[in-house]
Amino acid sequence: MSDVQIEVVSGPLDGATADDVRLLAGRAAQEDGTAPLSEQPLLWLQDDEARVSHVLARREDALVGYAQLDLSLTATARGELVVDPAHRRHGAGTALLDAARSLAHAVPDRVLHVWSHGDLPAARAFADAAGMPAVRELWQMRLEQDDTPRDVPLPAGVTMRTFVPGQDEEAWRRVNSRAFAYHPEQGRMTKADLRARESEDWFDPDGFLLVERDGQLLGSVWTKVHAAGEHGPAPVGEIYVVGVDPDAQGLGLGRALTAAGLDHLAARGLRTVILYTGAENEVAIRTYRRAGFAHASSDVMFGSDTRRSPIGATMAS
Ligand SMILES: CC(C)(COP(=O)(O)OP(=O)(O)OC[C@H]1O[C@@H](n2cnc3c(N)ncnc32)[C@H](O)[C@@H]1OP(=O)(O)O)[C@@H](O)C(=O)NCCC(=O)NCCS
């Protein structure tokens with residue numbers, strides 16, 4: 001029998017526990033070569049407005065595993081989970097998953113989806129043992145560039161300028177939700193989600209470019225710079241979000257925006273650039289391949305069916 005104790009916290013984590021989670025995630029990233037928790041769950045660790053539950057796994061009072069579940073949707077509960085490399089194969093992952101299933105299934109017929117970053121063999125075997133097939137794949141694409149400007153021209157009548165904080169949020173959110181209407185996370189970026197990103201250290205309006213025609217926003221490219229150590233020894237640029245309003249698609253704006261984002265990053269000395277896109281998004285992948293990106297790694301989402309959680313998961317709140 002597993003000696004793992006599970007605690008579920010539904011408000012924000014206190015500072016010490018959040019630090020323990022970050023350290024644990026850091027140890028796993030070191031061991032696995034890929035970060036187990038993505039940006040949004042890390043931003044939500046201490047966010048009192050986030051509609052998430054934190055699941056903590058302890059052995060003899062030490063934090064050995066963590067899962068976070070986004071419970072804001074009624075159809076799907078989305079989670080990420082990680083076990084300390086020194087405590088794997090002792091049932092901690094299973095205990096976290098059982099608790100996550102109980103939380104997900106508190107709403108009838110809600111399914112649980114769990115992301116595995118880097119498509120690691122242990123996660124594949126773990127998901128397989130738990131009866132959770134792969135349901136979605138996200139690609140990381142990568143490009144090495146020099147500083148030759150691409151200067152892709154904009155269609156006639158279209159102009160480009162940088163994002164103005166405090167002024168452009170609502171227009172950007174409108175176009176973003178139209179461009180990503182099909183997308184489970186990107187399409188529902190709230191005012192608070194946008195504000196949280198604007199107050200991050202990496203946020204730089206000069207790397208957030210908007211295209212307009214007659215004062216009407218048509219699309220944008222948002223870039224990000226990862227500090228040395230996050231994705232390798234040198235800083236790495238990211239084409240963070242490219243979105244074009246459905247009414248303005250097919251004009252070459254996606255290509256022009258991607259090129260403008262790359263030019264901005266090149267001018268800041270960023271040689272390596274990454275981006276993330278759904279493996280099924282053929283149009284985006286074609287655009288990025290033409291810009292010189294190639295597939296680098298995959299994140300896989302595993303999905304449960306609607307089976308009830310196993311009896312006996314220990315819960316506290
Ligand atoms: C995947 C992960 C959460 C598993 O945690 P864990 O505490 O080791 O999992 P458990 O001990 O509960 O393992 C349950 C079963 O999963 C399977 N499994 C887990 N790791 C495995 C591995 N490395 N190789 C083969 N099977 C494995 C086994 O069937 C195992 O049962 P067993 O030990 O009785 O054979 C952990 O490796 C991890 O944190 N990886 C990095 C983050 C990640 O990939 N998260 C996404 C998970 S979908």
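Helix H5 (169-179), strand S9 (216-226) and strand S10 each supply at least two residues of the lining of the largest cavity in this predicted model. Helix H5 gives the most, with 3 residues. The lining is made up of Trp172, Val175, Asn176, Gly219, Ser220, Val241 and Gly243. By class, these residues divide into 3 nonpolar and 4 polar, with no charged residue. The volume of the largest cavity is about 40 Å³. The count of cavities of 30 Å³ or more comes to 1.

Trp172 also belongs to an aromatic cluster. Ring pairs link Trp172 with Phe163, Trp202, Phe203, Phe208, Trp222 and Tyr240. The structure holds 12 aromatic pairs. In one of them, the ring centres of Trp202 and Phe203 lie 6.4 Å apart and the planes meet at 65°, so the pair is edge-to-face. Trp202 has a relative accessible area of 15%, under the 20% cut-off, and therefore counts as buried. Phe203 is buried as well, at 12% relative accessibility. Trp202 also forms an edge-to-face pair with Tyr240, at 5.2 Å centre to centre and 70° between the planes. Trp202 lies in the loop between helix H6 (191-198) and strand S8 (208-213), whereas Tyr240 lies in strand S10 (residues 236-244). The pair therefore ties together parts that are 38 residues apart in sequence. Both Trp202 and Tyr240 are buried.

The second largest pocket draws on other elements of the chain. Its volume is about 640 Å³. A total of 27 residues line this pocket. Nearest its centre lie Leu81, Arg88, Ala122, Ala123 and Phe126. Strand S4 (76-83), helix H3 (92-104), strand S5 (111-116) and helix H4 (121-129) each supply at least two lining residues. Helix H4 gives the most to this lining, with 6 residues. Of the lining residues of the second largest pocket, 17 are nonpolar, 7 are polar and 3 are charged.

Helix H7 spans residues 253-267 and has 15 residues. From its first C-alpha to its last, H7 reaches 21 Å. This is close to the 21 Å expected at 1.5 Å a residue. Of the 15 residues of H7, 12 are buried, so the helix is largely enclosed by the rest of the structure. Leu253 is one of the buried residues, and a run from Ala256 through Leu257, Thr258, Ala259, Ala260 and Gly261 is buried too. Leu262, Asp263, His264, Leu265 and Ala266 complete the buried set of H7. Gly269 follows H7 and has a positive phi, near 85°.

At the level of the whole chain, the model has 8 helices and 12 strands. The radius of gyration is 21 Å. For 317 residues, a compact globule would have a value near 20 Å, so the chain agrees with that expectation. Along the principal axes, the C-alpha atoms fill a box of roughly 70 × 40 × 35 Å. Of the 317 residues, 47% count as buried.

Note on methods: Residues are numbered from 1 along each chain as its sequence is written. This is a predicted model: local features need pLDDT of at least 70, side-chain atom pairs count only at pLDDT 80 or more; totals for chains, interfaces and linings use all residues. Side-chain values use heavy atoms; hydrogens and water are left out. On a 1 Å grid over the protein atoms alone, a cavity is a set of points where a 1.4 Å probe fits but cannot get out, and a pocket is an open set with protein on both sides within 12 Å along at least five of seven lines; lining residues have an atom within 4 Å of a point. Grid points are joined across faces, edges and corners, and a volume is the space filled by probe spheres set on the points. Helices (H or I, at least four residues) and strands (E, at least two) are DSSP runs, numbered from the N terminus. Ala, Val, Leu, Ile, Met, Phe, Trp, Tyr, Cys and Pro count as nonpolar, Asp, Glu, Lys and Arg as charged, and the others, Gly among them, as polar. The expected span of a helix is 1.5 Å times one less than its number of residues. Buried means under 20% relative accessible area, exposed over 50%, partly exposed in between (1.4 Å probe, protein chains only). Rings of Phe, Tyr and Trp (its six-membered ring) pair if their centres lie within 6.5 Å; planes under 30 degrees apart count as stacked, over 60 as edge-to-face and the rest as tilted. The radius of gyration is taken over C-alpha atoms; the globule rule is 2.2 Å times the number of residues to the power 0.38.
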